[in-house]
Amino acid sequence: MQNPLMQTIEALAKEKGIEADTIITAIEDAVLTASRKYYKTNENLKTRFNQETGQVDLFATKHIVQEVADPATEISLKEAQELYGEEAEVDMEIEFPKRTDVLGRIAAQTAKQVIFQKVREAERENIFAEYNDRVGEVINSTVKRFENGDLIVEIGRVEAVLPRKEQSRAESYTPGERIRAVIKGVNRSAKGPQILLSRTDPALLIKLFEQEVPEIYDGTVMIRGAVREAGDRAKVAVYSRERDVDPVGACVGMKGTRVQAIIRELRGEKIDIVEWSDDPVLFVTNALSPAKVQRVTIVDDGERVMEVVVEDKQLSLAIGKKGQNVRLAAKLTGWRIDIKSEEEKRREVEEQFGALGGDTGADEAPAEEASATAEEASATAEEASVAADSGDLPPLQGAEEEEPGSAEETPAEEVETEKS
């Protein structure tokens, strides 16, 4: 029949989720620590748990040598052969039993503390090994209590912590309430609960979509990115691997049933589902939904800067409350987005043209003077033409006035008289 101590060890191992051998090792270490405090010698002490009697046997081991240098840990070959006969040889070890019933109450308290410490360490190692590979997984938990704003929840037999900074500001909880959260990390050295949960991590949103949308679960639709401002708004970029499947429609569901289930789980957080594209201009245009974009210009490809122009009435919608919409779009796309209204862009262009006109004003002055001179010359020519038509032209310089019957006509008359 199994002894009562062994039954207690097995029950404790089952409760804590650890191996019985771990507890037995802890008991052996505890008795060894207490024995060293009691005997206060340099002997090499060892303990061994006897499962039949439920007792821990204590031994002092000595090494067989030719010449003894330390009597506390060594024994000569001659003395060993006197005790154990010819079987004793050099380099062998001999165990000498020691009493444990003399350890007393202080030693028992020390042993108890060591046992508890070893059991806790083993339990924490098991928790770390179990949950470290489950980081990013969504789990169900039950609210247990509050500690300085942090939420302590139960995951089966294990406690986890939901810190205040990982709680959505739109949510409130009561003890006994069931919530879903994502495992953000597992701390090996924490004194309290070592499993860290989160309700604000984008991984929670992605996992909820995988649970609600079959096309995402089977890989037909892929989530290419997700950003959140927990409690207010979130944006999810989706992409379909099949041309016949609408990724946005699949995530929304018939009459919005799929996305509404996720919104209820996140306590009313607004979710924008946009289609992902490898074209950054189209992706940014989609990411600024529900605002309608007029045009997009890449300002700096290396620094990933874009300028977006929207209608005047769409400007506030594109920016969002306290810049939330454009901030989430920038996080989702990885581009820095500069939003301007059409009126603002028009003024900017006019100012640029005005600056260019001011620079060329000095060069235009000589041209204006030349134009004025040409106009004056044209006017003078017109005056001359009018004078010519009216017969008011002045006589040419060097010309003499002639009267009728001048000397030029006289020779012609004389020639005619001679012929007659």
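The secondary structure of this predicted model comprises 13 helices and 15 strands, where helices (H or I, at least four residues) and strands (E, at least two) are DSSP runs numbered from the N terminus. Residues are numbered from 1 along each chain as its sequence is written, and side-chain values use heavy atoms, with hydrogens and water left out. Because the model is predicted, local features need pLDDT of at least 70 and side-chain atom pairs count only at pLDDT 80 or more, while totals for chains, interfaces and linings use all residues.

**Whole chain**

Display the whole protein with its surface. Of its 420 residues, 34% count as buried; buried means under 20% relative accessible area, exposed over 50%, and partly exposed in between (1.4 Å probe, protein chains only). The accessible surface comes to about 26700 Å², and 48% of this belongs to carbon and sulfur atoms; such areas come from the Shrake-Rupley method with a 1.4 Å probe, and for residues only the protein chains shown count as cover. Among contacts between residues at least 6 apart in sequence, 59% join residues at least 24 apart, a contact being heavy atoms within 4.5 Å.

Select Lys-40, in the loop between helix H2 (20-39) and strand E1 (44-50). Lys-40 has a positive phi of about 50° although it is not a glycine, and it is exposed at 72% relative accessibility.

Glu-43 lies in the loop between H2 and E1 and Lys-98 in strand E4 (residues 93-98), so the pair ties together parts that are 55 residues apart in sequence. A salt bridge here is a side-chain nitrogen of Lys or Arg within 4 Å of a carboxyl oxygen of Asp or Glu; by this rule the count comes to 27 salt bridges.

Next select Arg-48 and Glu-95, another salt bridge, with the closest N and O atoms 2.9 Å apart. This pair links distant parts of the chain, Arg-48 in strand E1 and Glu-95 in strand E4, 47 residues apart. Arg-48 is partly exposed at 40% relative accessibility, and Glu-95 is partly exposed at 32%.

Move to Glu-166 and Lys-184, whose closest N and O atoms are 2.7 Å apart in a salt bridge. Glu-166 lies in the loop between strand E7 (158-162) and strand E8 (178-186) and Lys-184 in strand E8, so the pair ties together parts that are 18 residues apart in sequence. Is Glu-166 buried or exposed? At 6% relative accessibility, Glu-166 counts as buried, whereas Lys-184 is partly exposed at 38%. Then select Lys-144, Arg-145, Glu-147, Glu-154 and Glu-159, which salt bridges with shared partners join into one network.

**Largest pocket and helix H11**

Select Asp-232, Arg-233, Gly-320, Lys-321 and Gln-324, which lie nearest the centre of the largest pocket among its 14 lining residues. Helix H10 (315-319) and helix H11 (324-333) are the elements that give two or more residues to this lining, and H11 provides the largest share, three residues. On a 1 Å grid over the protein atoms alone, a pocket is an open set of points where a 1.4 Å probe fits, with protein on both sides within 12 Å along at least five of seven lines; lining residues have an atom within 4 Å of a point.

Now select H11 by itself: seven of its 10 residues are buried, among them Val-326, Leu-328 and Leu-332. Their cover includes strand E10 (221-229), strand E11 (233-240), strand E12 (270-275), H10 and strand E15 (336-341). Just after H11, Gly-334 takes a positive phi of about 80°.

**Loops on either side of strand E13**

Select Pro-290, in the loop between helix H9 (280-287) and strand E13 (293-300). The peptide bond from Ser-289 to Pro-290 is cis, with omega near 10°. Then select Arg-304, in the loop between E13 and strand E14 (305-310); Arg-304 has a positive phi of about 55° although it is not a glycine.

**Helix H12**

Finish with Lys-345, found in helix H12. Lys-345 counts as buried at 17% relative accessibility and touches Arg-295, Glu-307 and Val-309, not counting residues up to four places away in sequence. Also in H12 is Glu-348, which on that basis touches Glu-307 and Lys-340.
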